[in-house]
Amino acid sequence: MVGEERVARYGMVIDLDRCNGCGACMTACAVENNIPPAQPRVNERTGLTSMRVHRASNHRGFPDHEEVFIPISCQHCGEHTPCMSVCPQNAVDVNPLTGVVSQIPARCLGCRYCMAACPVHARYFNWFDPEWPEGMERTLNPDVSVRMRGVVEKCNFCHSRYQAAKAKAAAAGSREIDPADYVPACVEACPSGAIVFGDLSDPESDVALAAKSSDAFRLLESLGTDPKVYYLSEREWVRRLGGADVTRDSLEVHRG
Amino acid sequence: MIPGVYEFSWSAGHIIFLGIFYGVITLVLATIVVASFRSLKSGRAGRAEAMLWHLDFEDLSPEARRCRHELSGETRSRECPNGFDCRRCAVHPQFLAARGESADPMEEQRIGGFLLPADRSYHRGHTWVRRGDDGEVTIGLDDLGSHLIGKPDQIDLPAPGSRLAVNGTAWELLKNGSSIRVLSPVDGIVLRHGSPGDDWMLEVAPADDDLSHLLSPSEARSWMLREVERLHLSLSTGFAGGALADGGVPVDDLSTEIPPGEFDQVCGLMFLQP
Amino acid sequence: MKTNVTRRDMLTLGGGVAVGSMLTPAPWLLLDDLAIWTQNWKWIPVPPKGVRTSQKTVCSLCPAGCAVEAGCVGGIPVALRAAADGAPLCSLGMTGHHLAWHPARLTAPVRVAASGGEARLTAVPREAIVREVADAMRSQGRGTIAVLDFRPGRGVSWAWRNLLAGFEGAAVIPAPGSPGSGLRAMRGFAPDTQGEWVPDLDHATAILSFGAPLADGWGGARTRARLMDGTGLRLIQVEPARSSTAALATRWIPARPGSEGAVALGVASALASADPQIASRCEEILPLLERLTPERAAEIAGIPAESIFEAAQMLLDHPRSLAVPGESFAGGRFDPTTELAILSLNVILGRIGAEGGIVTRAPLADPVDGAHLAPMRELDETPDASIGVLIVDASAGEEPLPWPSVARKLAPRALAVALSPFAAGSSLHAGRVISVPAYLEAIHEVPRACDVAMAALSISRPLLAARVGSADPASVVREIAASAGVELEGDWSSTEELIALRTAQIHRSGVGRLEGGEAGSPDELRDAMLEGARWTTEPVYHQIRMSISTEMAHRLATIEGTRREDLVVVPRTSPDAAWSAVLSPLFTKLHQESGLRREGGVAVVNPATAREKRLRPGQKAVIRTAQGRVVARVEVDHAVMPDVIELTVGPTPLALGQSRNRVISNSLDVCGSSGTGWRCTPAAIEEA
Amino acid sequence: MDKTLILRGVRRCSTGRFLAWLTPWTLLLAVGLFALGLCLVRGLNQTNMDNRFAFGLWIFLDLAIIALGAGAFFTGFLLYILRKDDLRAVINSAVVIGFICYSGAVLVLMVDVGQPLRAWFTFWHPNTHSMLTEVTFCITVYLTVLAIEYAPILLRNRQLRKVPSFLVFEGELHKVMPVFAAVGAFLSFFHQGSLGGLYGVLQGRPFAFREGFAIWPTTFFLFILSALATGPAFVLVSTWIVSKVSRKQLVKPHVFSLLAKISGWLLIVYVGLKSVDTLVWLNRTAPQSGANPVQFYAWQPFATWLLFVEIVLLGLLPALIFLSAKRRQSMKWLITGSLLACGGVVVNRFVMTIQTLSLPTLAFEPFMLYWPSWQEVATFLAVVAYGVILYSLSFRYLTLFPQERELQRGGGAS
């Protein structure tokens, strides 16, 4: 039935020169998707952050030292999506109508093979039972179900919002959803408007235009997985951070 | 996995891959089913005894498995392929033919101190068979056997009317905590138990007259020599050598003399039970 | 035909049914549904079900007062978004609806007993606390009476001043250092001006900012927006760290902390030598400026002299330019002398009262005209050991504050009582806490902070029923008054009524206008504001000539003696933690589950400093100052200036919703010393 | 007292000493099972794995012991299919070891997944493109096969053989054993490969990614080879250890040297191909995916030395030892070689699992290390203990080495 509906390629363009690392996208993502707060033992390496802002720097001394904040969510790879092909039980799904890669928590057995496969580490495992302080579960988003312990989760471009937009369109008797109706939480929350979201296959859309900019680059493009999240920066050293040839600068060893 | 359920659909990959996988599973299951089915059948056919002997025979040491014609020096080293059932043996008749007429010694002989009466034929599990006048036969432990066991702590004989099979269990003994199966030398049906006075244990109506699988007294001689040697070797202690080598009359209950640690093993060796 | 059914038939039937059902999708669907069943264990929280509604209110968590549209299920807010055409909410605003259920939330008045650095809470009846306060006030035995107000300018703030009016030496103390707490040093130039002195950033084309966090909302959303799109606004940021503001600035001057005053005077001296007219405005300090040349200043600040000349040039070139001192989050405001030095730049440039300069802002109308009010007094103007009764009003939020700077002012046996929704922050220091409603549980006023030229007022409408055991702050004032036998002016008994009185006053005064609403009558005005409309004023400009007095010159002269400390500690915290004692547990995403922000109690130093002090990343280190010592985890980062320790202040695990232990002390407590703020403190560090 | 369970004619230590030997292992097992319980009840937060180290100690050791367990199917393959009858002397022991390795691995895998209850989904919603599906399928089936191969050995116990039905069943199984050997061999070749493919297909991990033939990356074939090569070596080493522990001669020396010879030839082929693969990967595959291969070895503690150790010290060296007829005569050399070879396959699995995960893919990410928590270690030790106990019982009561009694009689005679 794909023929009838227009096939979209939803993607993002994130302007790193505008991002000041306030973390609003991370908070918004957690609120929207009912991601539980960390328990005391959780750390950077066991956290649940479907959207995660990384800090990178040019490794120069003070005062020439510069930092850049790189928000990384699932890149929604288009070409032989690494996580989808490895999942033993089809718990990873690529929607042919939207190009969105999503995790089916009810089918995931938590083998974490997809996490090993993901080049940008945008997949997260529920190491703990989901728990909110007493009473706070009444503030959960009614449109998203809570994932249980022991399954993998990740960004799905706020699937519930997509559903809502579709429903709205259907109610209005159209197949096309109004771009204004489908905006992921992180995009909506960014105070500096650094994130543009939309259909890459629509050449007129802001996102498509931005992606064509000469300052645009993608993370680990050379792996040939065709990510649908683009980044912008006028700074050459920032653009180089997208490359797969890891430089010896980031040489600290983090012990677990 | 079922097409149509939660929009699952088959692809060529599925068909090939799942085909192989479930094929293998079916193969494995089928094999198990076949095995158990056949085992049921052979179980009903009462082939358990035969199989047990088959197993045991496989587990016997090569020395224990020599062919009778090797013992009698008619051939160079040969291992018995038939589990001591010469009736099934292809070459046995040829050996007999080659042997021609050689009268069995009429008087009883003493090998390594053990008596071998000439009026009977011997089984490699240290039992003998004596033909009665009216077709029935009597079975008993031979001299070495009875010396080895001495007076058994317990003995259970098959009830009259029960069926015996060659190399199957004739009766079972308990001695010094080790249980010994005495192998039956003949096929047949048990008629009577011997009373304490008799030298025989069971009176049996044999299934057929062919006792060619048993050792004639003359063959028994060389066999017994070998057996005495095996007994000798199996005992780590020196005593047996002293008592047995010179052909002196052995103590009538060897079991008291054999170190208890080794008794069970010696019995296993002599009565062909690994 | 025989009809009797044998067992065999039944078996055949059963078998047939079994086989047949295999051919239907039913059993296979059931198998798949097992998956969904395992997803719904009983201990997995289930999102709420119920009627969906959308309600309007205003975020009262910080003075920005953003209009909020709350999506509710069964009347309980589940999603907070900026109202249409508003800027997106910050992390704090987005998670505001969690605070009512924060583990640190108080549901009854408590007595706090500190034991071994931890607080023990025992519930006590509110009447008892009120009586205790009233008795202490009446007897006056312990010392003067003071209210520490974390959100000055509210109707309740007025009520406090009215309550204390009759008492000798009593005063309301605005919490020092809260972002946007005003250009206090301007009062030195014109002591008898009504209203507050504020920077007119929205109309300035060039800004020389001393550490003002403009990119994080200081100076209003508009300044931030102008910075973001990078057009039309020239900004020179004088700040020790390359903050997000510094990153957006036209030029960043990494002046050593504590040297800002020197930099300001350096710029002044450059200006004076560049323009005789300017020189004429600062005769009093000319000799000083001759000694404190841009080169000298640059040397003190550890920066190239060019950047000082560049700053001076920018101020000269732009007719609508100004110099502002900005509070840093957790660091608070500059010491008065530095602030004076910075503001005097505007004076000698003649930018006072000018568009895009420093202007005065009309005060908000009080609920009751001409009432007797206790004076407002700065904390560092309060004599040490003088306060006998201290009421800490943290009912509308609070900022990080080094408690020692308050404790110093308390007389022995002083009584301290806090009004707060949470057992966190300074309320843990006060001996008693009266629990009050949290954000969205009661009506709150949001007066605009003093970093914007336009005065403004918004009202935050409650969306939740207040928890049992929490009392309305205004009615607490009434209770104390009644019990202390004080006659309060005006006819009100609750915050709501205070607000009604105030909006009526505002409507009567006729000044200002309503953003996003029309108001013919006082009630219409109030209702419109309850729906999220904001009342606001326009700045008024009239140039004022000012000059630097001799007394000021003497104070400024002390700057010349600024000596370079070999190691200073500078407190840092996130914009969110700067506005609230507790944060939504979801802030673990930022502070604990990712490397984006550091949690409290981390000492970040430059690799050079680390080498010099033999500190390794991850190890514990002791930081010693005149105030005391604190143990912190060391991190090494090129972003930090050499010889500076950036000490992160909060959020503590408690603030993050992990009520493992109620640690009272806070790394900020080692910062600061009497009268000079706590922005930068000489310190020593060594591995623990 | 358990004498009647022990085959006549083999010497076994007294029951007391046997129990004394079992006690510490049983304790270890108990502790391990407790840790395992913690992981099941409280969840995988009991381990030190994290989002970056999604796989840890468990997967690494699973891969290792499964490679070593390959001795079972390969010996079976050589014996039943290629008719190398000398190997009858070790086949039983090999089967038992194989069974232990695989059952242990499966046990640990069950704990390693976040939702063990959903393990069966793989059979229900199989994604046929996933190497893990192949692995799951093959390992489960092969474990059944191993269990079936184990049955006859068990039923030949001196007492069990007296039960007629057991007896006949055993007999029948024995007849069809070649079928299982064949199936087992097929499955094992397949999943040893799939285990290699597991990492070879990771396009997102330039360090692990390999080009391949048909649908399988080169690691698929390298894993098969390395498993084949070390399988016999492990059988050799385990047999030697058992005979040392039990102070008995269990098999005739020429069996050892035969195993070593087989292992040697396969090893040399493996080392050859592995080197070629490594070169191709360093000079083509990795650069094509934009990676800079030098960086793979830029991080301490995993530097180039690891590569050298894996291929030369623990690959080439044992191969050469095994291939020299003279060395093969000396037990010392045989054991050294086997230990090196087994070490080689373990290091290889370590590199594929742990090193792959510790290397960053994004330029601004740190290199990471991880240390297993005590729960992880204990859980694995439980498997080891389980193995030792099961093997000890089998060795005491079953005929693992048919030549043992014969050799012993020989000893008795001399």
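**Figure 1. Confidence of chain D in the predicted model.** Within chain D, confidence is lowest in α14(D), with a mean of 63, and highest in helix α13 (residues 374–397) of chain D, at 96; helices (H or I, at least four residues) and strands (E, at least two) are DSSP runs, numbered from the N terminus. The model scores ipTM 0.88 and pTM 0.89. Because this is a predicted model, local features need pLDDT of at least 70 and side-chain atom pairs count only at pLDDT 80 or more, whereas totals for chains, interfaces and linings use all residues. Residues are numbered from 1 along each chain as its sequence is written, while chains are lettered from A and ligands numbered from 1 in the order in which they are written.

**Figure 2. Packing of α7 against α8 in chain D.** Helix α7 (residues 218–246) and helix α8 (residues 253–288) of chain D have axes that come within 8 Å and cross at roughly 155°, the axes being lines fitted to C-alpha atoms, for helices over the stretch in contact, with angles that run from 0 to 180 degrees between N-to-C directions. This crossing angle makes α7(D) roughly antiparallel to α8(D); angles under 35 degrees count as roughly parallel, over 145 as roughly antiparallel, 65 to 115 as roughly perpendicular and the rest as oblique. The crossing of α7(D) and α8(D) is left-handed, a term used if the near helix is turned anticlockwise from the far one by less than a right angle, with clockwise giving a right-handed crossing. Residues in contact, that is, with C-beta atoms, placed from the backbone, within 7 Å, include D:L222, D:L225 and D:A229 of α7(D) and D:L259, D:I262 and D:L266 of α8(D). By class, the contact of α7(D) with α8(D) has 17 nonpolar, four polar and two charged residues, where Ala, Val, Leu, Ile, Met, Phe, Trp, Tyr, Cys and Pro count as nonpolar, Asp, Glu, Lys and Arg as charged, and the others, Gly among them, as polar.

**Figure 3. Helices α1(B) and α5(D) across the contact of chains B and D.** Helix α1 (residues 12–44) of chain B packs with α5(D) at an angle of about 15°, the axes lying 11 Å apart, and the two helices are therefore roughly parallel to each other. Their crossing is left-handed, and the contact is made by B:F21, B:V24, B:I25, B:V28 and B:I32 of α1(B) together with D:F137, D:V141, D:T144, D:V145 and D:I148 of α5(D). This contact has nine nonpolar, one polar and no charged residues. Between the chains, 34 residues of chain D are in contact with 32 residues of chain B. The largest share of the side of chain D that touches chain B, 13 residues, comes from α6(D), and that side divides by class into 18 nonpolar, eight polar and eight charged residues.

**Figure 4. The contact of chain D with chain A.** This contact takes 50 residues from chain D and 54 residues from chain A. On the chain D side, α4 (121–124), α5 (131–155) and β3 (367–368) each supply at least two residues, and the largest share, three residues, comes from α5(D). The residues of that side divide into 25 nonpolar, 20 polar and five charged.

**Figure 5. An open sheet in chain A.** The four strands of this open sheet have the order β8-β1-β10-β9 (chain A), with mixed pairing, two strands being paired if DSSP finds at least two bridges between them. At the edges stand β8 (195–199) and β9 (216–217) of chain A, each with a single partner strand, so one side of each is left without a neighbour in the sheet. Strand β1 (residues 10–15) and strand β10 (residues 229–232) of chain A run parallel and are joined by four bridges, with A:Y230 as the bridge partner of A:V13 in β10(A).

Figure 6. Strand β6 (residues 154–156) and strand β8 (residues 169–175) of chain B run antiparallel and are joined by three bridges, with B:L174 in β8(B) as the bridge partner of B:Q154. β8(B) also pairs in the antiparallel sense with strand β9 (residues 178–183) of chain B, over six bridges. In the hairpin of β8(B) and β9(B), which has two residues between the strands, B:N176 takes a positive phi near 50°.

Note on methods. Contact = placed C-beta atoms within 7 Å. pLDDT = per-residue confidence, 0-100.
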